[in-house]
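Subject: Structure for you to look through

Dear colleague,

Here is the structure that I said I would pass on to you.

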Amino acid sequence: MSLTNQQTALPISLTTHDLVVGYSMPVVKGVDLTIQPGKISILIGSNGCGKSTLLKCLARVLPPISGQVLLNGKAIHQQPAKKVAKMMALLPQGPIAPEGLSVKELVSQGRYPHQSFLKQWSKEDEQAVEQAMQQANVEMLADRSIADLSGGQRQRCWIAMVLAQQTDIILLDEPTTYLDLKVQVDLLNLLSDLAHQHQRTLVIVLHELNLAATYADHLIMMKEGKVYAQGTPDQVFNADNLQAVFGLTAKVMKDPDSDALLCIPMTQQSSQVAS
Amino acid sequence: MTRSKWLSWSGILIMLGLLLFAFIWHLSIGTKIIPIDELIQSFYAYNQDNFNHLIIQELRLPRALIAICVGACLAVSGALMQGVTRNPLADPGLLGMLTGAALGVVYWSTFVSSASLVWLPLVAAIGALISAIIVWSIASRVTGGITPLSLILSGSAFTAFTGALLAIHHLLDQHTFEEMRTWLVGSLLASNLATLYWCLPWIIIGLVAAIMLAPSVTALSMGEEVATGLGINIPRRKWQLLTCVVILTSVSVALAGPLGFIGLVIPHVVRFWVGADYRWIIPYCILLGAVYLLFVDTLARWLIQPHEIATGLITILIGAPLFIWLVKVRVR
């Protein structure tokens, strides 16, 4: 896949080196990861396995205890915050917009890293916001208040904000949680389009296993703070790995039409949920 | 943004008009009502022998100017705090700054020097600053760091504690308390231009900084994770904003004592009209805060003339019903 992009022709690289992250105790325990440019990488694992913590460290919300996150070869936590924000955007889990903010105002916030006190609202900003709202399909909501929208519409607005930031890398923490299945699929189609048509690099934490297997180019399975297995869904999404990572006894099948992998949990067996 | 931009700019013009109106009203009304033409005359053809000119230039003008500055500073510091802590109830009183300043003044005049009024404004500012530092550092030591909740909890504990100390002092030493009433309720009675000149550079620094930091306050009001993603260095920006709030609040306390409710109510009224973007909230707060305090101070001097009600009481008497009305119409 060619990496021609409207912002930059340089391939973006995001890697971690022996990364340890946590709060009082380490949650992520020595992760080496290379995020593939222009692809969708999806992190899965049971609750508390450290996938969200890892994403937060990639996004600079948490500092590493040891090890490094490297963006284009340089430690991300040492680079100026605004400079990084022009290359990498974050959509955290369950973001809350302040009361009274309109959709367009929310999307406009994505231009923050491109602005300064002397360079306020420019034509470029206006274009980026228009384009982002088009891509996320929220143009017709522009003047509505965020509070009046449904969960799915709201999440599309947040994605539009992140798109307006015009970054090569986008990190998303459980972007589909609490949404209807149809809305989840719509959102993931949108994200898939961003990666495959617009060469954005996406890193997503996802709970829904079947959707993860369907949409991931690169699937990263985490267990107890470490990467247990990674590769294409075909390589890693199998019964043995699901058993090891989630303690889930399941059958993995291939949908004959789409070639997507599906896991079907065994109902009779006592399947333990790993802590 | 273009459509609301046009609306917002014209709103600024209307606010400026209101400010001018409130300013003239404040100057002309009082125990003695002075006609407008004489009022304007006192600016371009000042006559020392004209008693009305004297009242306006020596008494009412300093007071009006101080009301403008204090109203603007308190409204802006309240708006900044509400945005950063994502707490709609935040205001300078939350950080314990108002009671802290009052306590500083009362202790200073009891134990150090009751004669020299010169140092009182500075003492009030130091009291406000120390209170903010105490509350902030308690909040930051809670597990989880400075969150809206930890700030509110340590702020209200500190406010209750300083309030109790003030009450004890009141019981033990009634005499000092009577003298110090301005510093406890807030009033513009003791306005003098010398204090204003001393505070003016700080007021300008604080307000300009607030305008410059406003875009990042909008980002912070969407949560720290979103703000980090947008490229804001959270710890550094929070310190800058806290410094800004301390400066604005300290000069207000130094000029007029602890005037409650302005920092709480004005940002809510402004948000009701201009929405949630601090690029607009801050300038509107500057103007509406000034208009509000001018208006309130006019009432304070006019309602039970020839006596005067402490301005700090009127800000609360008007502010509280206004706030309740806002709560009612904005119920989600």
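Two strands are said to pair if DSSP finds at least two bridges between them, and helices (H or I, at least four residues) and strands (E, at least two) are DSSP runs numbered from the N terminus. This is a predicted model, in which local features need pLDDT of at least 70 and side-chain atom pairs count only at pLDDT 80 or more, whereas totals for chains, interfaces and linings use all residues. Residues are numbered from 1 along each chain as its sequence is written, while chains are lettered from A and ligands numbered from 1 in the order in which they are written.

I begin with a sheet in chain A. Strand β1(A) pairs with strand β4 (residues 66-71) of chain A over five bridges in the antiparallel sense, and within this pairing V20(A) stands opposite S66(A). Helix α1 (residues 51-58) of chain A packs on the sheet, where it touches β1, β2 and β4 of chain A, and its direction makes about 120° with that of β1(A). Here two residues are in contact if their C-beta atoms, placed from the backbone, lie within 7 Å; axes are lines fitted to C-alpha atoms, for helices over the stretch in contact, and angles run from 0 to 180 degrees between N-to-C directions. The sheet is an open one of four strands with antiparallel pairing, in the order β2-β1-β4-β5 (chain A), and its edge strands, each pairing on one side only, are β2 (26-35) and β5 (74-75) of chain A.

Strand β1 (residues 14-22) of chain A also holds D18(A), a residue other than glycine whose phi is positive, near 45°. D18(A) counts as exposed, with 12 C-beta neighbours inside 10 Å; a residue is buried if 20 or more other C-beta atoms lie within 10 Å of its own, exposed if 12 or fewer, and partly exposed in between, with C-beta atoms placed from the backbone. Q166(A), likewise not a glycine, has a positive phi near 50° and lies in the loop between α5 (151-164) and β7 (169-173) of chain A, but Q166(A) is buried, with 23 other C-beta atoms within 10 Å.

How is strand β8 (residues 201-205) of chain A placed in the rest of the structure? Five of its five residues are buried, so β8(A) is largely enclosed; T201(A), V203(A) and V205(A) point one way from the strand, and L202(A) and I204(A) the other way. Strand β3 (residues 40-45) of chain A runs parallel to β8(A) and is joined to it by four bridges, with I40(A) opposite L202(A). β7(A) pairs with β8(A) in the parallel sense too, over five bridges, and D173(A) stands opposite V205(A).

In chain B, helix α3 (residues 51-85) and helix α12 (residues 262-274) pack at an angle of about 75°, with their axes 7 Å apart. They are therefore roughly perpendicular to each other (angles under 35 degrees count as roughly parallel, over 145 as roughly antiparallel, 65 to 115 as roughly perpendicular and the rest as oblique). Among the residues making this contact are G71(B) and L74(B) of α3(B) and I262(B) and P267(B) of α12(B).

Finally, the contact between the chains takes 27 residues from chain A and 20 residues from chain B.

With best wishes
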